[in-house]
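This briefing goes through selected features of one protein model. Please keep the sequence and the structure open while reading.

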Amino acid sequence: MSADNSIPDVLVPLRNLFNCVKSTRDRVRDGESNECSGTFCMSNFWETLDQAVKTTSQEATKLSLMFSRPPVPSEQECAKLADSFQKSALALSTVYFWLPKNQGITLRRAVRDATAEVFEGLVQLLDVIISSPLQSLSQDQLTSTGGVWAACDQFKELPKDNRSAVLAVLTSNVGLVKDALEEMEQALAESQDPFGDILDDDDMDVRGNQDTYWSQSDRQLICQCQGLMKASGACLRKLSSAVRNNGRVETEENIAQLDDLADVAKDVSPNIDDLTLSLYPPVDRCAVEENVCKLAVVMKKVLGITRTSHVCLEPDVSWVEFLDGAVNHNLEKVQSLLHDSNS
């Protein structure tokens, strides 16, 4: 950071504030929540957090306005505002640390990430103000101020309990799996073998570069892999519905079960991405077998954890068992195709 040396005294409170906010940001990112020594009131937490976020946004606006036009504020004015700014930022971090882990790891991650984003915005705003001419409002300062506002505004959309937080994770992963399936289907529709209508796979010497298209055997393999991917997507959709309808947060055991579901569900999309990448030409069949087995293991784990959790009521057992069979069936089909091609 560099600034006009003619006004060093004004910058001292800002530099101290910058260091404090940066340190607090790092504590929010890495720190542990306070132990819950008594009854935790979720409604009181959200009310206090919302007020702390609103105050922090207001303090950021006041600071930005103070350095948006001449005259340059005095050292005393700057120190007073920096003190008020620091108190609001520390209050925000303090309220965040109220949220204990036993209210849900998934919920706490969502609140942590949102809180850290506010502090990141504050750090950027202070950096811009200290680094830029103090008599003018720069585009960077406008952008940084808007970034703080946006980070504060997102608190309105945060899940208010662990069931909602887990549901948000599941919904996001449903979307990611859907996107991966659509991407593969589009690629299959657009990829044309220039000799596919007139030549067989055996006619390798006249087929051009097979690294750029799928053979018929490749497409059969992809079709079976898509079956496993579709079963994975169906599982996440059914699980989302079960969490929405049956998820409970009245006990720590139920909250922990929801966290387990979110954690294992987050592994589905990356494994589908790995499988999809290995299916693009030239198809790496060893990688396909490895990735399809990994995806099947993850799906069996998702279904197993679902089966033993409180969200799986008696009517849900049937779809869990059906999808478990679908995973086995598609895995066997893929492995059969792979082994036949190697024989």
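The model is predicted. The largest nonpolar core has 51 residues, and another core, of 45 residues, lies apart from it.

**Nonpolar cores**

- Within the largest nonpolar core, of 51 residues, the residues with the most contacts are Leu239, Val243, Val268, Leu275, Val288, Leu295 and Val302.
- At least two residues of this core come from each of helix 6, helix 7 (216-246), helix 8 (252-265), helix 9 (268-279), helix 10 (285-308) and helix 11.
- Leu239 is in contact with Leu170, Leu261, Val302, Thr306, Val311 and Trp319, leaving aside its neighbours within four places in sequence.
- The other core, of 45 residues, lies apart from the largest one and has Leu17, Met42, Phe119 and Ile129 among its members.
- As background, nonpolar side chains in soluble globular proteins tend to be buried together.

**Helix 4 and helix 6**

- Two packed helices are described by the angle between their axes and the distance between the axes.
- For helix 4 (residues 105-131) and helix 6 (residues 162-190), the angle is about 75° and the axes are 7 Å apart.
- The two helices are therefore roughly perpendicular to each other, since angles of 65 to 115 degrees count as such.
- Helix 4 contributes Ile105, Thr106 and Leu107 to the contact, and helix 6 contributes Asn162, Ala165, Val166 and Val169.
- Of the residues in this contact, five are nonpolar, two are polar and none is charged.

**Ser64: a buried residue**

- Ser64 belongs to helix 2, which spans residues 42-66.
- Ser64 counts as buried because its relative accessibility is 7%, and the cut-off for buried is under 20%.
- Not counting residues up to four places away in sequence, Ser64 touches Leu125, Ile129, Gln141 and Thr145.

**Phe322: an exposed residue**

- Phe322 is located in helix 11 (residues 317-342).
- With a relative accessible area of 60%, Phe322 is exposed, because exposed means over 50%.
- Phe322 and Cys235 are 87 residues apart in sequence, and their C-alpha atoms are 9.9 Å apart in space.

**A cis peptide bond**

- Most peptide bonds are trans.
- The bond from Pro281 to Pro282 is cis, with omega near -5°.
- Pro282 sits in the loop between helix 9 and helix 10.

Note on methods
Residues are numbered from 1 along each chain as its sequence is written. This is a predicted model: local features need pLDDT of at least 70, side-chain atom pairs count only at pLDDT 80 or more; totals for chains, interfaces and linings use all residues. Side-chain values use heavy atoms; hydrogens and water are left out. Helices (H or I, at least four residues) and strands (E, at least two) are DSSP runs, numbered from the N terminus. Buried means under 20% relative accessible area, exposed over 50%, partly exposed in between (1.4 Å probe, protein chains only). Contact means heavy atoms within 4.5 Å. Axes are lines fitted to C-alpha atoms, for helices over the stretch in contact, and angles run from 0 to 180 degrees between N-to-C directions. Angles under 35 degrees count as roughly parallel, over 145 as roughly antiparallel, 65 to 115 as roughly perpendicular and the rest as oblique. Ala, Val, Leu, Ile, Met, Phe, Trp, Tyr, Cys and Pro count as nonpolar, Asp, Glu, Lys and Arg as charged, and the others, Gly among them, as polar. A nonpolar core is a set of buried Ala, Val, Leu, Ile, Met, Phe, Trp, Tyr and Cys residues joined through side-chain atoms within 4.5 Å.
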